[in-house]
Amino acid sequence: MTGTVERIHVAPTPGAPPERVETVRAVAGEGLEGDRYFEGEGTFGGGEDRAITLIEAEALAAAERDYDIDLEPGIHRRNVTTRGVALNHLVDTRFRVGDAVCEGVELCEPCSYLERHTELPDVEEALVHRGGLRARIVETGAIGEGDPVGSGSE
């Protein structure tokens with residue numbers, strides 16, 4: 001099961017709008033350089049289990065279609081948007097994202113913070129069970145747009 005990295009976003013400070021970057025360095029036990037959680041900040045605290053968050057482009061498209069909402073790139077506040085890989089299946093699994101090796105920790109279910117922050121009614125409900133994946137970074141490496149993502153690529 002291999003997909004690709006479609007987009008990468010980091011938010012340098014808590015509450016800041018996510019910024020698109022073409023590449024990022026994923027640091028084992030820390031997070032993504034330039035992201036608020038790498039700096040030990042953020043609404044939900046840091047920690048290696050929140051080092052990187054991923055979401056499927058297909059899930060975003062389904063949420064937009066099913067709930068008639070417009071989810072601009074990065075508004076979901078996940079770091080990496082993927083295409084062609086079922087992220088929900090990667091909980092408790094090691095997988096590669098570009099040159100980094102990650103381990104799925106838990107589903108990244110949406111919360112009321114996301115709905116308040118985006119001011120999009122129904123965004124929380126729209127992303128239930130398709131809000132992505134929280135993962136820890138177990139091997140440092142670069143991640144770039146177009147890189148492979150998948151459990152079969154370790």
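Visitor: Which residue in the turn of the β7-β8 hairpin has a positive phi?
Guide: This is a predicted model, in which local features need pLDDT of at least 70 and side-chain atom pairs count only at pLDDT 80 or more, while totals for chains, interfaces and linings use all residues. Residues are numbered from 1 along each chain as its sequence is written, and side-chain values use heavy atoms, with hydrogens and water left out. Strands (E, at least two residues) and helices (H or I, at least four) are DSSP runs numbered from the N terminus. Two residues lie between β7 and β8, and the one in the turn with a positive phi, about 60°, is G98.

Visitor: How many bridges join β7 to β8, and which residue of β8 is the bridge partner of R94?
Guide: Two strands pair if DSSP finds at least two bridges between them. β7 and β8 (residues 100-107) run antiparallel and are joined by four bridges. Within β8, R94 has as its bridge partner E103.

Visitor: Which residue of β11 is the bridge partner of R96?
Guide: β7 also pairs with β11 (residues 148-150), in the antiparallel sense and over two bridges. In β11, R96 is partnered by G150.

Visitor: Which residues touch the most other members of the largest nonpolar core?
Guide: A nonpolar core is a set of buried Ala, Val, Leu, Ile, Met, Phe, Trp, Tyr and Cys residues joined through side-chain atoms within 4.5 Å. The largest has 22 residues, and those touching the most other members are L32, I52, L54, F95, V97 and I143.

Visitor: Which elements give two or more residues to that core, and how many residues are in the other core?
Guide: The contributing elements are β1 (2-10), β3 (23-27), β5 (52-56), β7, β8 and β9 (133-139). Another core lies apart from it; I55, A63, L71 and L127 are among its members, and its residues number eight.

Visitor: What is the strand order of the open sheet of three strands?
Guide: Strands of a sheet pair through backbone hydrogen bonds, either parallel or antiparallel. Here the pairing is antiparallel, and β4 (31-32) and β10 (141-144) are edge strands, each pairing on one side only. β3 is joined to β4 by two bridges, with A26 opposite L32. The order is β4-β3-β10.

Visitor: Which residue forms a salt bridge with E103?
Guide: A salt bridge is a side-chain nitrogen of Lys or Arg within 4 Å of a carboxyl oxygen of Asp or Glu, and the structure holds eight. The one from E103 spans 3.1 Å, N to O. Because E103 lies in β8 and its partner in β9, the pair ties together parts that are 33 residues apart in sequence. The partner is R136.

Visitor: Are the partners D35 and R36 buried or exposed?
Guide: The closest N and O atoms of the D35-R36 salt bridge are 3.0 Å apart. D35 has a relative accessible area of 2%, and R36 has 8%. Both residues therefore count as buried.

Visitor: How many disulfides does the structure hold?
Guide: A disulfide is a pair of cysteine sulfur atoms within 2.5 Å. C102 is buried at a relative accessible area of 0%, and C108 is buried at 3%. The number of disulfides is zero.

Methods:
Buried means under 20% relative accessible area, exposed over 50%, partly exposed in between (1.4 Å probe, protein chains only).
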